[in-house]
Structures are given as C-alpha cells and as structure tokens.
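This report looks at charged side chains that pair up, and then at one helix. Please look at the structure before reading on.

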Amino acid sequence: MVPLNITNIKTSSDGAWQGDNPLNSAFPLLIVQTTLVLFTSRFLAFLIKPLRQPRVVAEIVGGILLGPSALGRNKEFLHVVFPPWSTPILESVSSIGLLFFLFLVGLELDLSSMRQNSKSAFKIALAGITLPFLFGAGVSFFLQKSVHGEYKVGYFQFLVFIGVAVSITAFPVLARILADLKLLTTPMGQTAMAAAAFNDVAAWILLALAVALAGNGSGEAHKSSLIPIWVLISGVAFVAFMLIVVRPIMNWVACQCSSEQGLVDDFYICLTLAGVMLSGFMTDLIGIHSIFGAFVFGLTIPKGGEFAERLMKKIQDFVSGLLLPLYFASSGLKTDVAKIRGIEAWGLLVLVISTACAGKILGTFVMAMLCMIPVRESLALGVLMNTKGLVELIVLNIGREKKVLNDEMFAILVLMALFTTFMTTPAVLVIYKPLRRVTSRRLAQQSPAAKNTEDEFRIQACIHGPENVPSLINLIEVFRTTKKSQLKLYVMHLLEFTERSSSILMVQKARKNGLPFTNRFCRGMSQDETVAAFQAYNQLGRVSIRHSTAISSLSTIHEDIFHVTEEKRIGLIILPFHKKWRGVLGEDVIDSVCHGWRDVNLTVLQTAPCSVAVLVDRGFGCGSDRTVAESSASVLKRVCIIFFGGPDDRKALELGRRMEENAAVRVTLVRFIENVRAETSTIVERAVPDICTVSDNYSIGQEPDEIAVEEFKRNWNGSMEYEERMTSNIKHEILMIGQSREYELLVVGKGSFPSFAEAKLSDHQAENVGLGPIGNILASSDNGILISVLIIQQQNAADGNEANSSKMVSDKDSWSEDLA
C-alpha cells in the first residue's frame, strides 16, 4: 500500500458515494478514533468498578489495549484506525485537553491552605519525595547500563527523569481513591491530601528542572552549557511574574464576577481561557513544556468563589470526558509491552516497581511514625502516597519526546505507574479499612446502653446545604425539652463526590469528621453559612451540637451516615426531602435538588439501624424578618400529629410526647377511626420491639395503639389537643389538614396502617416512593399542601432489641465537649 502524503490529507472527505474513504481524511478519522477511545475507556471503567479502582486505571489500560501491545499488533487495524499520519493530529487535540486539565489542577491547589496545614504534612511530603528520588537515582545507574540504547542519553538527564517518575504522587487520583474508601474526611485522609498537594507542587518544579536539563534530547550536547541555566532563570522569572502581577489581576477579575456585581460575564471567562493558552505558549517559548504555564496560571485564580466554579463548569466535562482520554490513547499507542523481552527485561520491571514502592512507602512511613501517627495509619499513608496517574504519564511522555526514555524504558515505567495505582485500594483495605470498620462495630457493641432512656436523646440530622439549616433548627427546637432527656444533635453535611475537579476544591474546604463548630477557620475565607447558623443556635445553650462532613458518591453515602449512627448510637436520623420549596409558606415549587438524593433517602429508609424521619420543608417556622435563632425560640409553633395506628404512628406519638412538654409548642393529635368502632379491628403491622412510650406491664389483650394514645393523653398538660375523626374519606380529610394554615408542621407515620385505612389508600398512585401512602399525599407537589411535613419510620424490626436499646443512651466518655 502506497503511504499517504500528509501534505495531501484533506480535512473532510467527499463521501462514500463518490468513492472517497472517510478514514483517509483527518476529521472523520478523528471522530472514529475519539469514539473508539471513549467506548473502550468507559467499558473498562465499568468492568473494574467492582474492584473500586479509579477511572484513570481504565483509561491507561484502554490506551495500552488500543496500542501495539494488543489490538495494534494487527498491523491492518493500526494502519486503518491509527495510521502514522494521524498521530500529530491526535496528539495536538489531546494536548489541548491536557493543557486545560493542568490548568484545572492548578485551580484545585490552594497555596494559602497549604501554608496553613500542619508541619507534619510538609515533613511527610518531603520524605515521600526525597527517599524515592534517591532510590530512583541509585537504580537509574543500573537501568542505563541494562536497557539497550539508554547509554546514549546523558546520565544526569536520565537520573532526573527516573527520580521524578518514581517520586510523584497523583493528587486528583488520590482524592478519588480516598473518597471511595470513605477516608476523605478522616485525619489520615486530610494528611494524605495535604502531603499530596505539597508533593504535586514539588513534582512540577522537578519536572521543569528535568525538561530544562533534557535540552533537545538524544544525549546531544547543548549549543551552550549555559542554556539550562537560562531556562531555569526564565522559568523562575515567569512564576514570579504570574504570582506577583497576574494574580492580583485575576483577583480583580474574580471580584467583577461575584454575585454582588451580577452574573459572571462570559467576556472574563473567554479572557481566562485565552490566558491559559498564552501561559502555555510562554513556557514553551522559554523551553519548558507548555503544560507548566497552564498549571501556574491555574494557581493565580482565586479559590472557592463563583468565578472558579464557573470556570470548572465550563471546562471540566469537555476536557476530562472527551479530550483527556485521547491523551491516554496517544500514550498507549507509544507503549509496546512487547519491547520488554526476556527474563532480564521483566526483572528490570520488578526492580523499578520495587524501588518505587519501597522508596515512597518507606519514606512516608518512617516520617509519619516520627510525627506520632499510629503504625497502621502510617503504613496506609505510605501506600496512598504511592498512587500514580496522569501526572506520571505526562512525565514519561515528555521524557520520551525528549528522547531520554526509549520504547523499552517507557513501557517499563508505564506498567510501573499502572501497577502502583492499581494496588493502592486493595492494599489500604487490607492495612487500614477493615480495622476501622471492626473497631466501630465493637465500640457499638461494647458500650453498654443506658437502661434509663430518659437520660439522653440523640438525633443525627443530615443536610445538603445552608438552605436546610433554618427549618432544621426550628425542628430541633420543637424536640427540645427541659423535662426529659438531654438532646444531642449530630449534624452531617452530605456532599456528593464526583469525577469533576470541583470535587477536589470541595474536599479542601471540608473539615475533619466530627470537628466541633468552635474550631477556627482558615484565614482569608468567609465563615461557612451552615456553621454560622448553628453557632448562633449553639450560643443559646440549649442543645449540644457536633458536626461532621460526608463526602462520597451518592451510591455509597449512606455508609457514611450509618457509620456515625452506629458509632454515636443515634436514636433518630432526620433526612431532608429531595425537593425544595420557596415563596410564602411553600406556595412556589422549585426543581428537585437531585434525583440521586431521593435514592439516598430510600436506601436509608430501607436499611437504617434506627428510626428515620424525612422532613418535607416548606419553610417551617422561618419568618422573613427574623434570624434563625430568634425564629426558633420566640414563636409558638403549632404541630399536628396524624394517627392511624401501627409502629410508625406510635413512633410519631413518642416524638409528640417530647413536643408537648415544650412550652413553645402546641400539639394536636388527630386520630382517624372507623365509622363503626369495633374492638376486634385488625391491625396490619410488622413485628417490632416494644417502644419506650409503652409500659412494660400493660394488660394482656390491650392493643399497643390504644396504650400509646392513652399514655399520650395521660401526660396532657394543657398544651395538647385531641380529636377523633371518622374515616369516610381519608384522603380528603388529610388534604384539608395539609391545605389549611392552622398548623406549621404535620407529623405522620410512614405506615403500616390498620386494614381499613390501607384499603382506602391503596388506589392512590405513589409519586414519592418510600414515604408511605400518607407521606406521599402530603409530600406531593400537586395537592396544594402549604405546611411542612415530618414523615416517621420506626426502626426496622430486623435490628431487634439491641438496636432499640441503643436509641437513647448515656455516653459521657465519648462526648468531649458539653455545650448545653
């Protein structure tokens, strides 16, 4: 076959009807290549998902499979799909994605927060770079002599590239591994992220040094021995110019794009994108790779504001989802595993892997131990810091481009990066994660539950953001009483962790799990609205509050919730409904927060180890002219409890007993009964342990519902009203209550109900699955309900008496700070 002349390659074809092969034209071929790369990487990501591997592993493997190591061994396939003339086009397109991805990496790194991190993270990062670099420098001498052709390269150039390759930690990949392992907000996860950030900055400095020293590659002498020095001086001057001159300009641009100035102007977005390209051109002009300029420009962007978020939304999906996989494919096309021939070559691979792992793990482990970190956490930290990824491939590709690394050495180092990243998750699971789970389970089993259930009541309240705080505080204030058990509130901020770069910024702003609200904040950052609201409520001295943050994918975030539930022996979990209302008394409906949050609520309801409540918030107790703290305390709140019968309704009645002892709450119990009241009415309910509102010595044959109601009425202190309603039309009666402005909060049980009620509600189509028939009616956006609703589910019967006995306990030892 006659090779095509690249100068004659057309951008588009004339079409198959005119006998023109589209694959001989640049743009149609690029479309086919992109589609094939995306399909391969996504399919592999789906296959390795059960192994809890980051997506970068699938993308690296996909690139290798498409290259000469697997499918590319078929020369016809390689010539048709990835012909040599298409390589510059593919690499140019992928380099644009790489340029903007490195800009996002710089945007993720907050230099101010790095300065505020503990010295231990810096020490760990320094040890985790120095020792593997020295190990790499030592083994590079042996590699250069053993790998055919590498003796032509200057030893110092080769040494620097090998040292950088084995000492790098992939900051974005590490964050995603930590999130998947539920370690992101733990002290170990925070230390790993801080050390990886230091490591990332050091890696780019070393890479710039390596590129400057590599010159034009091939071991050829520089035109002048002073050229590397001039390159380094120019690079330092460029960084200084960006941080001293450009950074204030970008701060001004970010201020112009703040909410006070109106919407973000697209002009500033385009100006910033042009700045990325120009910065890349300048570093390429200096003699350092263009990606270094994009990275430094990303460092100049103010972190955490609307401008940074808007930039990420504009760039992230297109770059990471479409262009970046092309870079992995182009790297895979250069990786030929067949170049590793013979036992000696495979022995070199084992040597490189061992050197990389030993240097990084040993250096991190020893320094972590010197920083008084426990042995298992120190070892897990070393394994985490050994994570490689895209940055590793960038270093290797630059080394190959500069002809410092030949094909065999390149393939060895790519496989080393793949192995070290792949081993991270299983190794950490073996070293650290199982111990953490067993320990939390043992704590829950070994700590004796208090026999006196009136000693303490623990609530775990989950929130999505500041919009959930006012109604939550008002709800907690309803539960607060001086006559019963002390109320302790565990607030958990739920944040979704995705593949987007904005997730890394979100992680940097999150505090440690269980950190008190009284902890100081980072300088230069505005106080979080959520924390500020709870601090104002905390100052009233009514409730002891603890805060934690869960950052995880929506499919597994319920595990974070249950970890706190079991560790703190929670009695009630409060979940926010996935829809939000706005306007006066919730008259205007806005879009749902996320359909994924509905699935999270459903999973928690189905598998929770304690009772669960879902708050359908329509502005409960929040006046427009009052602060959260004032509205929670100064206004009489009217609460209606709808009672049919069954364990969930009895749980709602139990909570109602707490409410009626609060002088600022007026409780109305509305009990629905049959038209003809029969003593032998059938109760449809699941078997549950006796709830604490029911006396242990009730008379045999007396229904639990009757006992619960009588107990509730017996404690009436004048702030409670009781009425019974006939059940000729249950749905109409419930809608009448919900549409009235007589109450501010409705409390209902999810189900099950007496048989007469279930029969009359069975024809109602469920809009909100998991809330039960009554909850579905009251949570619907089509029924004109004006008031907030609290839907209660009693703890699952499968948990038995052990889970029930742990609802209200005394935990004086674990409570480090009593704020009440």
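At 7% relative accessibility, R671 counts as buried, where buried means under 20% relative accessible area, exposed means over 50%, and partly exposed lies in between (1.4 Å probe, protein chains only). The model is predicted: local features need pLDDT of at least 70, side-chain atom pairs count only at pLDDT 80 or more, and totals for chains, interfaces and linings use all residues. Residues are numbered from 1 along each chain as its sequence is written, and side-chain values use heavy atoms, with hydrogens and water left out.

R671 forms a salt bridge with E706, that is, a side-chain nitrogen of Lys or Arg lies within 4 Å of a carboxyl oxygen of Asp or Glu. E706 lies in helix 26 (residues 704-714) and R671 in strand 9 (residues 665-673), so the pair ties together parts that are 35 residues apart in sequence. Helices (H or I, at least four residues) and strands (E, at least two) are DSSP runs, numbered from the N terminus.

Side chains of opposite charge can pair when their charged atoms come close. The structure holds eleven salt bridges.

| Pair | Closest N and O atoms |
|---|---|
| D407 and R400 | 2.8 Å |
| K651 and E654 | 3.2 Å |
| E706 and R671 | 2.9 Å |

In the pair of D407 and R400, D407 is partly exposed at 30% relative accessible area, and R400 is partly exposed at 27%. K651 and E654 are three residues apart in helix 25 (residues 647-660), which means that about one helical turn separates them. K651 is buried at 0% relative accessibility, and E654 is buried at 3%. Salt bridges also link K10, D14 and D20 in a network.

How far apart are the end C-alpha atoms of helix 23 (residues 595-607)? They are 19 Å apart, which agrees with the 18 Å that its 13 residues should span at 1.5 Å a residue. The expected span is 1.5 Å times one less than the number of residues.

The buried residues of helix 23 are G596, W597, V600, N601, V604 and L605. Among the elements that cover these buried residues are helix 22 (557-568), strand 2 (486-496), strand 4 (572-576), strand 7 (611-616) and strand 12 (788-793).

Key:
Contact means heavy atoms within 4.5 Å.
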